[in-house]
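Student: I would like to go through this model term by term. Could you set each label against its cut-off?

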Amino acid sequence: MFIFAHRGVSGHFPENTLKAIQAALDCGADGIEIDVYALHGELVVIHDRELNRTTNGTGVLEDYSLTELLQLDAGSGEKIPTLWQVLHLVQNRCLLNIELKGHDTAELLVKLLHKARSELGIDWSRLLISSFHHPLLQQIKTLAPALAIGALTASIPLDYCAFAAELGAVSVNCDRAFIDEAMVKDAKKRGLKVFVYTVNNEREAKRLQQLGVDGIFCNFPQEAKSWFA
Ligand code: G3P
Ligand code: MG
């Protein structure tokens, strides 16, 4: 079972911070998932558009200048990182799943990843770009066909994983609430991997393994690694 540290080791450290990401590297997670928004021409790593849950800010991202945003406390004195900082930290040590939230991220991402490849030596085969926003994924695939795409869904579509195949995705990333045998079978038939979020429970993780699921997103990746050791 492939274990993604969901928002880093978010079960023990402030989510989507460098500390949580470093912890994921330290515990040997197979992959790290982070959430990314575009703000004033920069890609920043945070899950919510509203700032109050994970930072000491109020209102929404766009209310802040980039400088103001990066000064907020994102938990235990940690700051909101930029995607560049995360790429710099992770290097190619595990798979990095960049989940795109919000609009206007595609062109910015592709530009940044070209720069990261030449300046930081980032290996694109160690990246997985995902989103619930499927036109955005289509745009990524057009701009940079070499990038691997994970198509997120919180539902079971009528034609199952057809949308992911159509996008040229390598994986379908499904909500644990809906994933079932038919969805997994359809994914396999189409040559897609199945990754399920967010699974923090051993029994559920084992049940998903029986179902043929390839990986899980977990807030406690070290514990998850031990379930399958
Ligand atoms: O990418 C998997 C999962 O993170 C998707 O949902 O809301 O946690 O970003 P969310
Ligand atoms: Mg996410």
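Tutor: Glu33 in strand β2 (residues 31-39) and Glu99 in strand β4 (residues 95-100) are 66 residues apart, a pair linking distant parts of the chain. This is a predicted model: local features need pLDDT of at least 70, side-chain atom pairs pLDDT 80 or more, while totals for chains, interfaces and linings use all residues. Side-chain values use heavy atoms, without hydrogens and water.

Student: Why is Glu33 called buried?

Tutor: Buried means under 20% relative accessible area, exposed over 50%, partly exposed in between (1.4 Å probe, protein chains only). Glu33 has 3%, so it counts as buried. Glu99, at 5%, is buried too.

Student: How do you know that Asp186 is buried?

Tutor: Its relative accessibility is 8%, so Asp186 counts as buried. Asp186 sits in helix α7 (residues 181-189).

Student: What makes a nonpolar core?

Tutor: Buried Ala, Val, Leu, Ile, Met, Phe, Trp, Tyr and Cys residues joined through side-chain atoms within 4.5 Å. The largest has 63 residues; Leu83 and Ile98 are among those with the most contacts inside it. Helix α4 (residues 106-119) gives the most to this core, 6 residues.

Conventions. Residues are numbered from 1 along each chain as its sequence is written. Chains are lettered from A and ligands numbered from 1 in the order in which they are written. Helices (H or I, at least four residues) and strands (E, at least two) are DSSP runs, numbered from the N terminus.
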